[in-house]
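Let's take a walk through a protein together, going from its overall layout to a few single residues. Keep the picture in view and follow along as you read.

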Amino acid sequence: MAKLKTKWICQNCGYETAKYLGKCPDCGQWSTLVEEVVETSSKQQHTKIAMNDTMPCLINDITIDNSIRFSTGIEEFDRVLGGGLVQGSIVLLAGDPGIGKSTILLQTGRAICKGGRKALYVSAEESASQVKLRAQRLKVNSDSLYIYSQTNFEAIKHQIEELKPEILIIDSIQAVYTTDISSSPGSVSQIRECTNILMDIAKNKNITVVVIGHVTKEGNIAGPKVLEHMVDTVIYFEGDRYKSYRLLRCMKNRFGTTNEVGVFNMCDDGLHEISNPSEMFLNERTKNNTPGSVIIATNEGTRPLLIEIQALVGTTSYPSPRRVSNGIDYNRLLQILAVLEKRVGLNLSKQDVYVNVIGGLEIDEPAADLGVALAVATCARDVCVSPDTAIVGELGLSGEVRAINNIEKRIKEAEKLGFKKIIIPATNTVKKEDFKNIEIMPVHRLLEAITACVN
Ligand code: TYD
Ligand code: MG
């Protein structure tokens, strides 16, 4: 009998080595290398597929069919995908267990089937009756949505040939396995091999494939990092499990932009779209404004979003003061604090500073700088920013307020939500007559902004 060939494969990033290593040299994670059996037969299969491929043709001769994109029936999902699912593409939906991946895809299946398309939902984690129970809860009933509870990939492949669906949903990639490989389901080799077969199905049979991948840090189940390179689109489903809203965020998209965000609310009867997220994020605000709370007009993709930032500043009882930031980059916070100390004269050397973006959101655009600086400054001086004032602007190291993009959209959103005043960078040129119900206050420097926001 031929000797089995094994390799050590990092379960986090897919790095391969012949010998065991404690630390993965590629991603730097410890104890993630697991020994897996490597088969050679699958390699030969892939060469065969590649040999059968189409002929090269001139770019000018390629015609594009306009119907290659179709709607999922859920507007927020379409927005994140860049206008809908692309026929023959492979999409990865990743997220923590229990966040609602199965729910959104079952709802998507219903919406797609309404348009007369045939969909196959492969449930590798739940039985058909469990899916039916969920479907009843979501009021999903369709005569072209097939549910198939199966983990064996060969059986799944056979059913794809039989049913010829236009959309294939795999829930989840960590639970299915192919008998070509002897590694256990969820191992990097299995995931890679199954995805390879799925890619082949998507491209050759022109079937749109949506794959669910769990994000787990430990254990034998690989995170979908390996998958990210292989698929066309990567979407993350995020949110606080203890709160009802969920965010769909695109991380990679071969057919559109990656900066769109979709917002949903998880209710008893499934996920509901939220077309105006600002209202939702602001409705928990306390009526009596507190020091250190400001509203910033940020941008999520092409959509403006008004969000609350809170700061807490207090005398430290530690040898070195604490700096904690949730939702804002830590180094960005340190930089803003340095500008406050040097340019405004705020002494924070014996003060703990905590900054929190409400709603568990992550804000990575510099346009939030001014808002963070004002939250810290007002809390340190124990004054309140007027509750009907919104703030936006980037902060330079010399304390100057710098221009930002999409200013009109941000002002419009603040005006729509009833804000009376907005502080913006003076270097942004805005036609004030376009905004009748909101006072626009351009500022050049941080100090000026502090004075403007408390009056
Ligand atoms: P699920 O889609 O099973 O998550 P995933 O596939 O990402 O693991 O969703 C599980 C959670 O969603 C569960 O905690 C219950 C909740 N949920 C609702 O609140 N409302 C609903 O209508 C459904 C179907 C689930
Ligand atoms: Mg699930």
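This is a predicted model: local features need pLDDT of at least 70, side-chain atom pairs count only at pLDDT 80 or more; totals for chains, interfaces and linings use all residues.

Is D143 buried or exposed? Its relative accessibility is 75%, and because exposed means over 50%, D143 counts as exposed. Along the chain, D143 and C113 are 30 residues apart, while their C-alpha atoms are separated by 8.0 Å.

Now step back and take in the whole chain. The protein chain has 455 residues, and 49% of them count as buried. Its secondary structure comes to 12 helices and 23 strands. Along the principal axes, the C-alpha atoms fill a box of roughly 80 × 50 × 50 Å. How do the contacts relate to the sequence? Among contacts between residues at least 6 apart in sequence, 67% join residues at least 24 apart.

The chain is divided into domain 1 (3-40), domain 2 (67-275) and domain 3 (280-454). Between the C-alpha centres of domain 2 and domain 3 there are 38 Å. These two domains also touch: 12 residues of domain 2 are in contact with 10 residues of domain 3.

Find helix α3 (residues 101-114) and helix α4 (residues 128-137), whose axes come within 11 Å and cross at roughly 70°. That angle makes α3 roughly perpendicular to α4. Where they meet, α3 brings S102, T103 and L106, and α4 brings V131, R134 and A135. Sorted by kind, the residues of this contact are 3 nonpolar, 2 polar and 1 charged.

Follow the chain past α3 and you reach R117, in the loop between α3 and β7 (119-123). Which residues does R117 touch, leaving aside its neighbours within four places in sequence? They are F70, I112, S144, E166 and I167. R117 and L145 are 28 residues apart in sequence, with 8.4 Å from C-alpha to C-alpha.

The axes of helix α5 (residues 153-163) and helix α6 (residues 188-205) come within 12 Å and cross at roughly 10°. α5 and α6 are therefore roughly parallel to each other. On the α5 side the contact is made by F153, K157, I160 and E161, and on the α6 side by C194, I197, L198, I201 and K205. The residues of this contact divide into 6 nonpolar, no polar and 3 charged.

Next, let's go inside. In soluble globular proteins, nonpolar side chains tend to be buried together. Here the largest nonpolar core has 48 residues, and those with the most contacts inside it are I309, L340, V355, L370, L374, V376 and L446. Which helix gives the most to this core? The answer is helix α10 (residues 369-380), with 8 residues. This core draws at least three residues from each of domain 2 (67-275) and domain 3 (280-454).

Zoom in on V376. Leaving aside its neighbours within four places in sequence, V376 is in contact with A311, V313, L337, L340, L348, V353 and V355. Apart from this core lies another, of 31 residues, among them F77, L81, V140 and V210.

In helix α11 (residues 407-416), the residues I407, R410, I411, E413, A414 and E415 are buried. What covers them? The cover includes α8 (277-282), β15 (293-300), β16 (303-315), β19 (389-391), β22 (421-425) and β23 (439-443). Just after α11, G418 takes a positive phi of about 85°.

For a last stop, find T290 in the loop between α8 and β15. With a relative accessible area of 36%, T290 is partly exposed. T290 and E433 are 143 residues apart in sequence, and 32 Å lie between their C-alpha atoms.

How values were computed: Residues are numbered from 1 along each chain as its sequence is written. Chains are lettered from A and ligands numbered from 1 in the order in which they are written. Side-chain values use heavy atoms; hydrogens and water are left out. Axes are lines fitted to C-alpha atoms, for helices over the stretch in contact, and angles run from 0 to 180 degrees between N-to-C directions. Helices (H or I, at least four residues) and strands (E, at least two) are DSSP runs, numbered from the N terminus. Angles under 35 degrees count as roughly parallel, over 145 as roughly antiparallel, 65 to 115 as roughly perpendicular and the rest as oblique. Contact means heavy atoms within 4.5 Å. Ala, Val, Leu, Ile, Met, Phe, Trp, Tyr, Cys and Pro count as nonpolar, Asp, Glu, Lys and Arg as charged, and the others, Gly among them, as polar. A nonpolar core is a set of buried Ala, Val, Leu, Ile, Met, Phe, Trp, Tyr and Cys residues joined through side-chain atoms within 4.5 Å. Buried means under 20% relative accessible area, exposed over 50%, partly exposed in between (1.4 Å probe, protein chains only). Domain bounds come from an automatic or database domain assignment.
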